[in-house]
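Have the sequence at hand as you read.

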Amino acid sequence: AASADAAAIKPRQVRLGLAHTRFGAQLAARMAPSSPGYRIVAEPEARFLADLPLEELPLHPEAVRRLQLFGIRTMGGLAELPAAAAMEQLGPESLLAWQWASGQDARPVVARRCQTFSSTHFFEDLETRQEALLEQAARLAERALADLPVSRPAWAIRRVTVQLRLASGESWQREGWLGDSPGQETLRALLGRLLAQVLSAGGGASAAGADEATDGDAVGVAEMTVSLLGLEPALGRQLLLFEAQETDRQWQQILSVLTRKHAARLVRAELVDPEAAILPERYAYRVLQP
């Protein structure tokens, strides 16, 4: 599979990744050096992914936190767990992340045009408050979403990028992954996590590119940009045979876990929030007495 990292696209610069799977190719493109601008993964996929952080996987932040409590911080650590154990500890939706971390990704490569929608705000007075910055980031994301030429549910917002320009002229950027058609609360939570990476509890911001917030006086933010990378919607979607088999296998594993947990009792899945980006927020299980 081959992938070009759209988030890394600059004038006359595109990074290319070649790997055995779509997921591996996407990460290879993101990690490709600026020169020659590509990376080829010749080693086994699982070995290439082993040392990469869990944050690159489609895992809920709470699942990442729980894994880190057990000392698991890389994809290789997650892949070493049995699939059933990972699902029982993290929920059935973690099966996809476990498969990707193990070098398993049966998704076909389908070309779709990517578009980025951005919105920028210039602060009249330097802003140092974390909550105020989060509110502004949420408004910018909403403004960017409003620019979509079709209804929002038809779009897949894949990545969100937050850029800050500090009063000193230094700049900072972080980006995060989102699933298909995320709800507003999901988007806001991601924006908060991205800002929290450089804003201390007291409202301070780090220097450009730093991984931890600085101590001491807060650094004012002069400009903020929120960018949404989305995929152009398709008119229709055909169910693939292999995809149907994969879905059936996932449900069988889910039922196996629930059976062990609830013994003779019956469990029924109910749709709670159709706009939620992840299964634990989209569905709830109701236990029924036989």
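Let's begin with a charged pair: Arg-165 and Glu-223 form a salt bridge, with their closest N and O atoms 2.8 Å apart. This pair links distant parts of the chain, since Arg-165 sits in strand β5 (residues 156–166) and Glu-223 in strand β7, 58 residues apart. Please keep in mind that this is a predicted model. The points below are grouped by topic.

**The Arg-165 and Glu-223 pair**

- Are the two partners buried or exposed? Arg-165 has a relative accessibility of 33%, so this residue counts as partly exposed.
- Glu-223, by contrast, is buried, because its relative accessible area is 17% and the cut-off for buried is under 20%.

**Other salt bridges**

- How many salt bridges does the structure hold? There are seven.
- One of them joins Arg-188 to Glu-135, where the closest N and O atoms are 2.4 Å apart.
- Arg-188 belongs to helix α8 (residues 184–196) and Glu-135 to helix α7 (residues 130–146), so this pair ties together parts that lie 53 residues apart in sequence.
- Both ends are partly exposed: Arg-188 has a relative accessible area of 23%, and Glu-135 has one of 30%.
- Why are Glu-62 and Arg-65 separated by about one helical turn? The reason is that they are three residues apart in helix α3 (residues 61–69).
- Glu-62 is partly exposed at 34% relative accessible area, and Arg-65 is partly exposed at 42%.

**Thr-225 in strand β7**

- Strand β7 spans residues 221–231 and includes Thr-225.
- Thr-225 is buried, with a relative accessible area of 10%; that falls in the buried class because the cut-off is under 20%.
- Which side chain does the side chain of Thr-225 meet in a polar contact of 2.9 Å? The partner is Thr-120.
- Setting aside neighbours within four places in sequence, Thr-225 is in contact with Ser-118, Ser-119 and Thr-120, as well as with Thr-161, Val-162 and Gln-163.

**Helix α5 and the residue after it**

- In helix α5 (residues 83–90), the buried residues are Ala-83, Ala-86, Met-87 and Leu-90.
- Why do these residues lie on the same side of α5? They cover an arc of only 95 degrees around the axis, which places them together on that side.
- Gly-91 follows α5 and has a positive phi, near 105 degrees.

**A nonpolar patch on the surface**

- Which residues form the nonpolar patch on the surface? They are Leu-16, Leu-18, Tyr-38 and Ile-40, and together they have about 350 Å² of accessible area.
- Strands β2 (16–18) and β3 (38–40) each supply at least two residues of this patch.
- Leu-16, one of the patch residues, is found in strand β2.
- Leu-16 is partly exposed, with a relative accessible area of 35%; patch members need over 30%, so Leu-16 passes that cut-off.

Definitions and conventions:
Residues numbered from 1 in each chain as written. Predicted model: local features only at pLDDT ≥ 70, side-chain atom pairs only at ≥ 80, totals over all residues. Heavy atoms only, no water. Helix = DSSP H or I, 4+ residues; strand = E, 2+ residues; numbered from the N terminus. Buried < 20%, exposed > 50% of the residue type's maximum accessible area, 1.4 Å probe, protein only. Polar contact = N/O pair within 3.5 Å; in protein donor to acceptor, adjacent residues only side chain to side chain. Contact = heavy atoms within 4.5 Å. Arc of directions from axis to C-beta. Patch = residues over 30% accessible without salt bridge, like charges linked within 9 Å, V, L, I, M, F, W, Y side chains within 5 Å. Areas by Shrake-Rupley, 256 points an atom, 1.4 Å probe, with all protein chains shown as cover. Salt bridge = Lys/Arg side-chain N within 4 Å of Asp/Glu carboxyl O.
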